[in-house]
Amino acid sequence: MLQCTSFTELPEMGARVALMGLEDAPGGATEAPELDAFLLCELGEHEEGVEHAAQLPSVSASGGRDLWMFWTDGDGRRKFRFTELLPCPAVIHRLSVKDGDACVLFDRHPAAHSWDVTDPLADLMAERIREEVRRDRGDGGAEGARGGRS
């Protein structure tokens with residue numbers, strides 16, 4: 001399943017207020033995390049009425065919960081809300097019963113688990129980086145071989 005392509009500008013003041021509302025870890029104050037200006041929906045493609053969702057980085061998760069921002073577009077306005085949610089408990093075991101990949105979305109999320117969601121842009125960027133590395137390694141070896149023959 002492809003990743004939802006909806007994105008939004010982060011309402012920074014709302015995000016900062018939501019982050020300040022998180023319970024700090026025992027032992028003191030935490031530093032505010034770096035926030036991106038725009039967020040991409042992390043869910044797989046979903047129906048129009050379903051809220052878009054993106055996890056916000058937080059220094060300390062309270063009670064094992066993560067801070068998520070949800071948004072909807074309707075009536076010509078974008079509406080935001082922030083809430084702390086438990087992570088999805090699903091784990092997929094591919095080659096071993098001991099090792100597995102956990103779903104990185106929130107508990108009871110709509111649509112597919114994170115391991116079933118593909119991001120074509122990230123895949124394209126990763127393939128381009130792999131091609132550049134192969135080309136750099138291949139060109140370096142070829143130049144060394146040519147340089148030794150002169």
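This is a predicted model: local features need pLDDT of at least 70, side-chain atom pairs count only at pLDDT 80 or more; totals for chains, interfaces and linings use all residues.
The protein has 150 residues. Its secondary structure consists of two helices and seven strands. Along the sequence, these elements follow the pattern β-α-β-β-β-β-β-β-α. Of the residues, 24% count as buried. The accessible surface comes to about 10,400 Å². Carbon and sulfur atoms contribute 52% of that area. Contacts across the sequence were also counted. Among contacts with a separation of 6 or more, 50% link residues 24 or more positions apart.

Three strands build an open sheet, in the order S3-S4-S5. Their pairing is antiparallel. Strand S3 (52–55) and strand S5 (77–85) stand at the edges. Each has a single partner strand, so one side of each lacks a neighbour in the sheet. From one strand to the next, the twist averages 25°. In general, strands of a sheet pair through backbone hydrogen bonds. Strand S4 covers residues 66–74 and pairs with S3 over four bridges. One pairing can be named. Ala-54 has Met-69, in S4, as its bridge partner.

Leu-22 and Thr-83 are 61 residues apart in sequence. In space, their C-alpha atoms are 9.9 Å apart.

The surface carries a nonpolar patch formed by Phe-7, Phe-38 and Leu-40. Together these residues have about 310 Å² of accessible area. Phe-7 belongs to strand S1 (residues 7–9).

The loop between strand S7 (101–102) and helix H2 (120–149) contains Arg-108. Ala-111 lies in the loop between S7 and H2 as well. Phi of Arg-108 is near 65°, a positive value in a residue other than glycine. Phi of Ala-111 is likewise near 65° and positive. Arg-108 is exposed, with a relative accessible area of 75%. Ala-111 is partly exposed, at 45% relative accessibility.

Six salt bridges occur in the structure. One of them joins Arg-81 and Glu-51, with the closest N and O atoms 2.7 Å apart. Arg-81 lies in strand S5, whereas Glu-51 is in the loop between S2 and S3. The pair therefore ties together parts that are 30 residues apart in sequence. Arg-81 is partly exposed, with a relative accessible area of 37%. Glu-51 also counts as partly exposed, at 25%.

Arg-78 and Asp-73 form another salt bridge, with the closest N and O atoms 2.6 Å apart. Arg-78 is partly exposed at 35% relative accessibility. Asp-73 is partly exposed too, at 48%.

Helix H2 provides a further pair. Here the side chains of Arg-130 and Glu-127 meet in a salt bridge, at 3.1 Å from N to O. Arg-130 and Glu-127 are three residues apart in helix H2, so about one helical turn separates them. Arg-130 has a relative accessible area of 42% and is partly exposed. Glu-127 is partly exposed at 28%. Salt bridges with shared partners join Glu-127, Arg-130 and Arg-134 into one network.

Terms used
Residues are numbered from 1 along each chain as its sequence is written. Side-chain values use heavy atoms; hydrogens and water are left out. Buried means under 20% relative accessible area, exposed over 50%, partly exposed in between (1.4 Å probe, protein chains only). Contact means heavy atoms within 4.5 Å. Accessible areas come from the Shrake-Rupley method with a 1.4 Å probe; for residues, only the protein chains shown count as cover. Two strands pair if DSSP finds at least two bridges between them. Axes are lines fitted to C-alpha atoms, for helices over the stretch in contact, and angles run from 0 to 180 degrees between N-to-C directions. Patches are made of residues with over 30% relative accessible area and no salt bridge: like charges are joined within 9 Å, nonpolar side chains (Val, Leu, Ile, Met, Phe, Trp, Tyr) within 5 Å. A salt bridge is a side-chain nitrogen of Lys or Arg within 4 Å of a carboxyl oxygen of Asp or Glu.
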